[in-house]
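Visitor: I am new to reading protein structures. Could you walk me through this one, step by step?

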Amino acid sequence: METAIPVKRRMPRPRADALRNRERIVAAAREMFVEFGPEVPFDEIARRAGVGNATVYRNFPDRDALAREVVCSVMDRTSEWIEAALVEGGDAFDALSRFVHFSADERIGALCPMLSAAFDQNHPDLYAARERTVDLIEALMRRAREAGQLRSDVESGDLMVAVSQLTRPLPGTACQGIDRFVHRHLQLFLDGLRAPARSVLPGVAATVEGLRTA
């Protein structure tokens, strides 16, 4: 008598409506983290997403899980944008400039502080998204540097700190009033990155690795 070979069950795919709900939760959380900070109540996020509290907790059992998903989703979009820019080619400094302005629109400055919060910095999803983004930013800067368009005394850490500071709004709805200055000030910063350098920078260039160990 032959023994039947067990058939492996395929994991059921999430329903389309479940995926849409998850995306709406992440989008709503991103907006509210920018406006009010990472401690915004889950029920407020659920209300903006148009779902029930139970749906939020079903997808994200705690605040760390939701914050991590928001940060990872922004970094994934950022990485995809840079990859497309590198494939496109063209003027290297123009690509770097467009990335900086894209970062402002993604509200990276408002979300970066969440990376220093209490949740696990070495979570596999966060680590992979972060390393991919950093590698691509460095590739974008290297391309501009090799073209002789980017001053040689700046590193990716300098860029990321400046972008974070210049695009970080104050929590609360009043922060929307300063949005009109963000791209203006970023352009001033970008003009200072252009080679040849017109001044000597104090201190040493900041690398991402240096920022992590500081």
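Predicted model: local features only at pLDDT ≥ 70, side-chain atom pairs only at ≥ 80, totals over all residues.

Visitor: How many helices and how many strands does the protein have?
Guide: Let's start with the order of elements. Read along the sequence, the pattern is α-α-α-α-α-α-α-α-α-α. The count is therefore 10 helices and zero strands.

Visitor: What share of the 214 residues is buried?
Guide: A residue counts as buried when its relative accessible area is under 20%. By that cut-off, the buried share of the 214 residues in the protein is 41%.

Visitor: Are α4 and α7 roughly parallel or roughly antiparallel to each other?
Guide: Helix α4 spans residues 63–88 and helix α7 spans residues 124–146. Their axes are 9 Å apart, and the packing angle is about 30°. Angles under 35 degrees count as roughly parallel. So the answer for α4 and α7 is roughly parallel.

Visitor: Is the crossing of α4 and α7 left-handed or right-handed?
Guide: Handedness tells us which way one helix is turned relative to the other. For α4 and α7, the crossing is left-handed.

Visitor: Which residues meet where α4 and α7 touch, and how many of each class are there?
Guide: On the α4 side, the residues include Val71, Met75, Ile82 and Leu86, along with charged ones such as Arg68 and Glu83. Their partners in α7 include Leu126, Ala129, Leu136 and Arg143. By class, the contact of α4 with α7 has 11 nonpolar, three polar and eight charged residues.

Visitor: Is Asp62 buried, partly exposed or exposed?
Guide: Asp62 sits in the loop between α3 (53–59) and α4. Its relative accessible area is 38%. Buried means under 20% and exposed means over 50%, so Asp62 falls in between. That makes Asp62 partly exposed.

Visitor: How far apart in space are Asp62 and Phe42?
Guide: Along the sequence, Asp62 and Phe42 are 20 residues apart. In space, going from C-alpha to C-alpha, the distance is 9.3 Å.

Visitor: What percentage of the span annotated as "DNA-binding region" is helix?
Guide: That annotation comes from an unreviewed UniProt entry and covers residues 41–60. The end C-alpha atoms of this span lie 13 Å apart.

Visitor: Which two residues does a cis peptide bond join?
Guide: Most peptide bonds are trans. Here, one has an omega of about 0°, which is cis.

Conventions. Residues numbered from 1 in each chain as written. Heavy atoms only, no water. Axes fitted to C-alpha atoms, helices over the stretch in contact; angles between N-to-C directions. Helix = DSSP H or I, 4+ residues; strand = E, 2+ residues; numbered from the N terminus. Parallel < 35°, antiparallel > 145°, perpendicular 65-115°, else oblique. Contact = heavy atoms within 4.5 Å. UniProt positions renumbered as here; feature names shortened; annotations may be inferred. Buried < 20%, exposed > 50% of the residue type's maximum accessible area, 1.4 Å probe, protein only.
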